[in-house]
Amino acid sequence: VPPGCCVSAHGRRSSDSSDSILSHDSVMSLARSISTLAFVVSAVVHLGLVQSAGGLLDSCNAFGFVGVSAEECHAITTSVQRTGGQAEKDMLALAFAAMRGECCQFIGMGAGSVYALLFLSKGTDEVAVIHFMHSVWACIVQVVNSQNAGLLPFLPAAVDEYDPVSGAKLKPFLLLVGCQAVLYVAAFLLSRGNGRVAKSKDA
């Protein structure tokens, strides 16, 4: 066999190996970037934007997102407490408890993102489960908000739950949550399965 053939074959194998390494490094770099961005967005939204309204301490503060001031909310609450029946009072108490509970949930999600940013390997299996939880939350919320906003006619909201004007006020949330859903799903898909590769390289 002519020596040149062996050199050529060896050169092709080396080139293929180099291309494979470059391709893997590019994918890992993309995964780390998207994973990091997803955690930053989660921390900013869940610990910053959501908590900035002050709904954790007073549920009435949170309704400003739909144009109801804290003063208006307190007036409605006072009216129900004075003139409403027990069913109305119970319903209002549950709605307020759910609002504050949602704020607590977001603190947990945002705190998990901060921990991942500081201590975990972004873009690997180590953080994939966090991206998965964020993805499930965002995708389900997107469907629910779309339903309540009247954009899913085959899944109509309860007739007496939202009127058209109130439903329209939910549409800005579709953009906010929809962008998060795309980002979180991408981060999960890119991170999933990278743990074994990262560990073998470290070894």
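With a relative accessibility of 34%, Leu47 counts as partly exposed; here buried means under 20% relative accessible area, exposed over 50%, and partly exposed in between, with a 1.4 Å probe and protein chains only. The model is predicted, and local features need pLDDT of at least 70, side-chain atom pairs count only at pLDDT 80 or more, and totals for chains, interfaces and linings use all residues. Residues are numbered from 1 along each chain as its sequence is written, and side-chain values use heavy atoms, with hydrogens and water left out.

The protein has seven helices and zero strands, and its elements run α-α-α-α-α-α-α from the N terminus on. Helices (H or I, at least four residues) and strands (E, at least two) are DSSP runs, numbered from the N terminus. Of the 203 residues in the protein, 30% are buried.

Helix 3 covers residues 86–119, which is 34 residues, and its first and last C-alpha atoms are 49 Å apart, close to the 50 Å expected at 1.5 Å a residue. The expected span is 1.5 Å times one less than the number of residues in the helix. The buried residues of helix 3 are Leu92, Phe96, Met99, Cys103, Phe106, Met109, Gly110, Ser113 and Ala116. An α-helix has 3.6 residues a turn, so residues three or four places apart point the same way. Ala93 is also found in helix 3, but this residue counts as partly exposed at 45% relative accessibility. Between Ala93 and Thr77 there are 9.5 Å in space, C-alpha to C-alpha, and the two are 16 residues apart in sequence.

A search of the whole structure finds five aromatic pairs. The rings of Phe65 and Phe173 form an edge-to-face pair, because their centres are 6.3 Å apart and their planes lie at 70°. Phe65 lies in the loop between helix 1 and helix 2 (70–83) and Phe173 in helix 6 (residues 171–191), so the pair ties together parts that are 108 residues apart in sequence. Both residues are partly exposed, Phe65 with a relative accessible area of 42% and Phe173 with 25%. The rings of Tyr115 and Phe119 have centres 5.0 Å apart and planes at 50°, so this pair is tilted. Rings of Phe, Tyr and Trp (its six-membered ring) pair if their centres lie within 6.5 Å; planes under 30 degrees apart count as stacked, over 60 as edge-to-face and the rest as tilted. Tyr115 and Phe119 are four residues apart in helix 3, and are therefore separated by about one helical turn. Tyr115 is partly exposed at 46% relative accessible area, whereas Phe119 is exposed at 57%.

The structure also holds one disulfide, a pair of cysteine sulfur atoms within 2.5 Å. This disulfide joins Cys60 to Cys73, with an S to S distance of 2.1 Å. The torsion about the S-S bond of Cys60 and Cys73 is about -65°, so the disulfide is left-handed. Cys60 lies in the loop between helix 1 and helix 2 and Cys73 in helix 2, so the pair ties together parts that are 13 residues apart in sequence. Cys60 is buried at a relative accessible area of 1%, and Cys73 is buried at 6%. Cys103 is in no disulfide, and the nearest cysteine sulfur, that of Cys104, is 6.9 Å away.

Among the buried residues of helix 6 are Leu174, Val177, Leu183, Tyr184 and Phe188. Gly193 follows helix 6 and has a positive phi, near 90°.
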